[in-house]
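Here is a short report on aromatic rings and their neighbours. Look at the structure first, then read on.

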Amino acid sequence: NVLADNTSTVDSPSPYGAYDMAGNVWEWTASWYDSSNSSRVVRGGSFLSLTNYLESSYRVSGFPVDRYYSDGFRCAH
């Protein structure tokens with residue numbers, strides 16, 4: 001895989017055995033970004049992101065009314 005900044009991803013699985021989980025789309029979370037409760041936490045970077053954004057610990061704010069092709073969600077329980 002090649003990322004937006006032309007670096008290659010490491011071809012190794014996560015601790016759970018999954019490959020290439022970072023960098024598909026920014027992932028919406030159920031968490032509010034701050035105390036104003038107007039924006040949600042969005043994590044993980046997208047296929048358009050530079051490598052320093054491709055960590056699940058990296059968070060930005062996103063407004064639920066906004067729509068971008070680089071945003072998405074992952075079903076988890």
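Is Tyr58 buried, partly exposed or exposed? Tyr58 is partly exposed, because its relative accessible area is 30%, between the cut-offs of 20% and 50%. Keep in mind that this is a predicted model.

## Aromatic pairs

A search of the whole structure finds three aromatic pairs. One of them joins Trp26 and Tyr53. Trp26 belongs to strand β1, residues 26-32. Tyr53 sits in the loop between β2 (40-43) and β3 (59-62). The two residues are 27 apart in sequence, so the pair ties together separate parts.

How do the surroundings of these two residues compare? Trp26 is buried, with a relative accessible area of 13%. Tyr53 is partly exposed, at 28%.

Trp26 also pairs with Tyr58. Here the centres are 6.2 Å apart and the planes are at 45 degrees, so this pair is tilted. Tyr58 lies in the loop between β2 and β3, while Trp26 is in strand β1. The pair links distant parts of the chain, 32 residues apart.

## One cluster

Trp26, Tyr53 and Tyr58 form one aromatic cluster. Within it, Trp26 is buried, Tyr53 is partly exposed and Tyr58 is partly exposed.

## A charge over a ring

Which ring does the charged end of Arg40 sit over? The ring is that of Trp32. The charged end of Arg40 is 3.6 Å from the ring centre.

How values were computed:
Residues are numbered from 1 along each chain as its sequence is written. This is a predicted model: local features need pLDDT of at least 70, side-chain atom pairs count only at pLDDT 80 or more; totals for chains, interfaces and linings use all residues. Side-chain values use heavy atoms; hydrogens and water are left out. Rings of Phe, Tyr and Trp (its six-membered ring) pair if their centres lie within 6.5 Å; planes under 30 degrees apart count as stacked, over 60 as edge-to-face and the rest as tilted. Helices (H or I, at least four residues) and strands (E, at least two) are DSSP runs, numbered from the N terminus. Buried means under 20% relative accessible area, exposed over 50%, partly exposed in between (1.4 Å probe, protein chains only). A charge sits over a ring if NZ of Lys or CZ of Arg is within 6 Å of the ring centre and within 35 degrees of the ring normal.
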